Amino acid sequence: MRSGQDLELVHVTKRYGGTVAVRDVSHVFANGSYVCLLGPSGCGKSTTLRMIAGHESISEGSIVLDGHDVSRLEPARRGTAMMFQSYALFPHLSVRDNVAFSLRMKGVDKAARHRAADEMLELVDMTHLAERLPAQLSGGQQQRVALARALVTKPRVLLLDEPLSALDPFLRIRVRGELKRLQRELGITFIHVTHGQDEALALADEVVVMNDAVIEQAGTAREVFAAPRTEFVARFMGGHNVMDLDGTRFALRADDVRLDEAGLPAVVRGVEYQGAHVAVTAMAGAQEVLALVPEARFFENPKNPGDAVGLSWDASRLHRLTA
Amino acid sequence: MQILKNRHVAGWLQAAPLTLVLAAFLVLPIATIVTVSFWQATEFSIIPAFSLENYRFLFGSSVTGRVFLATFRYAFLTWALTLAIGFTVAYYLAFHVRSQSWQIALFLLCTIPFWTSNIIRMISWIPFLGRNGIANQMLISWGVVDEPVEWLLYSDFSVILAFVHLYTLFMVVPIFNTMMRIDRSLVEAAYDNGASGWQTLIHVILPLCKPGIMIGTIFVVTLVMGDFITVRFMSGSQRANVGRLISNDISLLQYPSAAATAVVLLCTVLLTIAILLRFVDIRKEL
């Protein structure tokens with residue numbers, strides 16, 4: 001899968017005084033893939049993105065794109081473009097002028113830069129609002145303008161810093177579909193920072209889970225969700241039980257836990273109806289176990305808090321954790 | 001007590017204190033000045049009868065035009081210099097000083113000269129700029145000039161220098177205030193889009209500072225247009241502006257004539273501000 005056009009981090013470290021924000025991270029971002037950097041706040045994912053963009057200097061290591069070390073280049077010369085969390089649209093410029101800003105800085109004449117900007121606005125379906133000021137747009141529209149502004153520089157890698165966090169939940173799902181479609185059409189690498197695992201699972205060709213300044217696990221969305229390597233990943237991705245059996249730690253998907261008469265005896269603590277599933281929390285001794293039971297199955301034999309149940313699962317579904 | 005419950009009455013009562021204050025201390029004095037400006041005066045008496053004589057004289061005299069022009073020139077030069085210095089200082093404080101405590105400390109440092117009175121700050125230039133003052137002694141000892149420079153004091157130079165010294169802070173404060181509100185990610189976004197530091201300044205920061213610049217401009221322009229004491233002290237009474245015209249009339253007890261000049265000055269300043277406000281919307285700053 002490696003090609004000469006990949007983006008590669010080579011032993012990248014970022015220190016702020018005595019604290020380490022990113023510790024010796026090495027990773028290859030395959031060309032043309034949609035990558036999500038996932039992790040809790042303060043894990044170093046945003047810093048990593050900003051180092052790739054060139055808005056943060058790197059303390060050690062290098063960043064390689066297209067076979068060139070870009071770690072000392074200015075942001076605009078790296079072949080990357082960044083879409084900011086708050087979109088950072090220039091409030092005094094119209095939508096068209098915002099998109100055309102980078103071309104204006106390069107000294108492209110007005111007609112040519114407006115043509116290029118209109119092309120980008122068409123790509124994000126914003127042509128009809130080209131004369132508006134950013135303050136006159138909704139959050140979703142601003143997001144599209146920010147996207148067009150980043151894409152007008154024809155970047156090789158688009159960096160998105162929590163692009164959906166300012167949108168309401170319904171819009172978020174629609175916009176993430178648009179992002180994915182756009183990435184597929186353009187065929188460039190998208191690196192998308194998020195702390196939402198559902199967002200990462202829905203979008204990413206590759207999910208990179210970060211914690212405590214290092215990459216905890218990287219792989220396809222399915223790999224990371226189905227085979228978490230560490231307890232942190234299992235807990236952060238959600239939908240997993242981390243169980244201590246005979247001194248070894250295992251991850252067990254909540255939807256693999258069945259409620260039977262036999263099996264591990266436990267007491268129901270909570271029942272939560274979630275539509276397709278019912279989430280049953282049960283205590284087996286000191287161990288809390290979450291079971292996601294298909295709705296129909298649950299209501300064949302409904303349980304209430306305080307009821308005794310047996311928990312069972314196929315031993316083959318236990319997934320051993322390394323840490 | 002029932003009447004107080006009526007929301008119209010309550011509203012009027014709440015607005016009344018400010019209305020009374022403004023009526024007594026703003027509307028009434030201006031109305032008086034306007035009225036008096038249509039009166040006449042001799043050396044020993046004031047004639048309270050309507051007459052346009054003051055205005056006829058004012059608009060008929062070539063002195064008025066020259067003095068107004070000089071006043072505008074002072075205002076413009078002071079404005080240009082305070083803007084250049086004020087913007088630079090504010091930019092340094094807002095964008096180059098990273099820690100907030102240092103920003104506050106340096107900002108307070110800028111205000112220290114304001115702990116003494118205008119007059120003292122003005123007069124302290126005199127021994128510095130005088131014929132045998134510190135500046136001239138220094139220039140001679142460095143060999144820059146052979147004999148004392150005459151235009152340092154009691155000239156337009158010293159007047160404008162004093163104005164700039166007195167009023168630059170009025171430019172710094174509003175511009176600094178606007179700059180602090182600029183989202184730092186905009187600067188990063190400009191940088192990401194390939195703008196150089198200079199281009200970011202011209203295309204992003206300067207346009208976003210316009211409201212602050214406008215507020216500072218209004219302060220400086222109104223202060224300079226209405227001033228008479230700085231011009232008198234720093235020009236050694238050799239230069240005139242509208243303020244001095246008024247103060248001369250007052251010292252000669254020509255109140256109606258002074259009032260007429262004041263009315264014309266007031267209208268001129270209001271007109272200037274109205275024109276300035278056409279360019280920039282400062283409402284979002286208030």
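A salt bridge here is a side-chain nitrogen of Lys or Arg within 4 Å of a carboxyl oxygen of Asp or Glu. The model is predicted: local features need pLDDT of at least 70, side-chain atom pairs count only at pLDDT 80 or more, and totals for chains, interfaces and linings use all residues. Residues are numbered from 1 along each chain as its sequence is written, chains are lettered from A in the order in which they are written, and side-chain values use heavy atoms, without hydrogens and water.

**Exercise 1.** Find the salt bridge between chain B and chain A.

*Solution.* Start with the count: 1 salt bridge. Then look at the side chains of A:Arg50 and B:Glu188, which meet at 2.6 Å, N to O. Next, place the elements: α10 (184-192) and α11 (197-226) of chain B each give two or more residues to the side that touches chain A. Helices are DSSP runs of H or I, at least four residues, numbered from the N terminus. The largest share, 7 residues, comes from α10(B).

**Exercise 2.** Describe the extent of the interface between chain B and chain A.

*Solution.* Take contacts first (heavy atoms within 4.5 Å). 16 residues of chain B contact 21 residues of chain A. Now take buried area, the accessible area (1.4 Å probe) that two parts lose on being put together, summed over both. The value is about 1,600 Å², and carbon and sulfur atoms give 62% of that area.
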